[in-house]
Amino acid sequence: MNYEKPITLHVGIDDTDSAEGMCTTYLTCIILNKLRKHNIYPVDYPRLIRLNPFARYKTRGNGALSFKVEVEDEKQEQLIKDVTLEYVEKYAMFDGVNTNPGVIFYKGEITDAMRCYAQNAIYEIYTIDYATKFAQENNIEYHKFKKGRGIIGAIAAISLKLTDQTFELLAYRQADKYGTKRCLDDESIFKMNEITYPDTFDNIDVEQNYTAIEPHTPCPVLYGIRGNTPEAVKKAHTIVKSCEEIEDYCIFRTNQHTDMHMQEDIPIKDMKQTGCYVFDCEVVKNPYDIKGGHVFFEVSDDTGVLTCAAFEPTKSFRDIVRKLRVGDKLTIYGGLNENNTLNMEKFKLNTVADEYVYENPVCKCGRRMKSAGKNKGFKCPNCKEKIRSSDKVKRSIKREIEPGFYEVPTEARRHLSKPIIRITTGADMILKNQQDL
């Protein structure tokens, strides 16, 4: 039966990733290619949506995929559903413990309730039962494989309102190359970064001086390039050289590197484990190291005291954190782990506190005086001049840190964490005055 007018069909897929090689982005790409052979094309770029980074049961990066198409009749609608379900069942690697796929189909406009669900899927951690009930109450068709945990992210992937966005171009390998060492020309990647940065970003780990666009898993992805526009990632893709043949590539619209996981205006006393927050505070305990190379310090916002951490994988970021002192005023971005410690992603130093040292006074002759004994004042070793007061002289010293933003290196950055370059260049305002996508 033909519809009076085309109907928008949203398709969401999640939880098909496996350590053995499959990834949901590749699965989505081949589904779309199959549909194109039937002259069915997506309305927009497929979406790659990252959810709460603290989710215990998740696939790599906790990402979910979606796309939408305009369907003209029931036959076309059924074809899309059949192809999607067939390919999930065919390509998802069900032997993986965390491979519990879910697929959802939804017709019509995204509702406010669905928008709310999606945003909270980034702030909180949902159960399968909650997602199932939500789907039933909102006329969302769902299909579970194994435990079906993927429906949690699949619903969020079609529903999330993007007030900021980035794009990622993923190039895929030939199947016979899975699990082998990737063959990319590093020189071309550095050249690509030089030409396209900051329209693309996180291509190079500056600290370690290595290319950062290739994954370290046996998945189908050869490399991924992240940028602010589809044009930027396409241009970068044409510059990168590979000595192995690329099977295909796909561009995804995504919430990566937008800080969408950060909740604002939440006082320390109300913060919850697995939540991510951006908040103003003051350092109340100087940084200190513990075994393993982790650096900790404490902050307060007058509602409570919170322990913050720069863990070992953040490398030189820890050296910056070590320079903080009591009285420094910060804006911190990070997530609260199950030990009630905030894992920092970046911070802005707003006010640098004065720091002092206390020294023996200087004699009239110009020499530094020495203690004459406990509570006996000071004595000059040169001219023997004495001072009865035992009070040392306070002297202000120059701090080795300046106001501004500081962030973890590329290698340690979470998918959702916004790089400073997107803030300082205004790239995070890309959707301002645009229609929501």
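## A helix tucked inside

All ten of the ten residues of helix H5 (residues 150-159) are buried, so this helix is largely enclosed by the rest of the structure. Here, buried means under 20% relative accessible area, using a 1.4 Å probe and protein chains only. Helices are DSSP runs of H or I with at least four residues, numbered from the N terminus. Among the buried residues of H5 are Gly150, Ile152, Ala154 and Ser159.

Keep in mind that this is a predicted model, where local features need pLDDT of at least 70 and side-chain atom pairs count only at pLDDT 80 or more, while totals for chains, interfaces and linings use all residues. Residues are numbered from 1 along each chain as its sequence is written, and side-chain values use heavy atoms, with hydrogens and water left out.

## Four domains

The chain splits into domain 1 (7-159), domain 2 (166-254), domain 3 (268-352 + 399-411) and domain 4 (364-395). Those bounds come from an automatic or database domain assignment.

## Where domains 2 and 3 meet

The C-alpha centres of domain 2 and domain 3 sit 31 Å apart. Seven residues from domain 2 and five residues from domain 3 make the contact, meaning heavy atoms within 4.5 Å.

How much area is buried between domain 2 and domain 3? About 460 Å², with carbon and sulfur atoms giving 43%. Buried area is the accessible area (1.4 Å probe) that two parts lose on being put together, summed over both. On the domain 2 side, Asp202, Asp205 and Glu207 lose the most area to domain 3, together 67% of what that side buries.

Definitions and conventions:
Buried means under 20% relative accessible area, exposed over 50%, partly exposed in between (1.4 Å probe, protein chains only). Helices (H or I, at least four residues) and strands (E, at least two) are DSSP runs, numbered from the N terminus.
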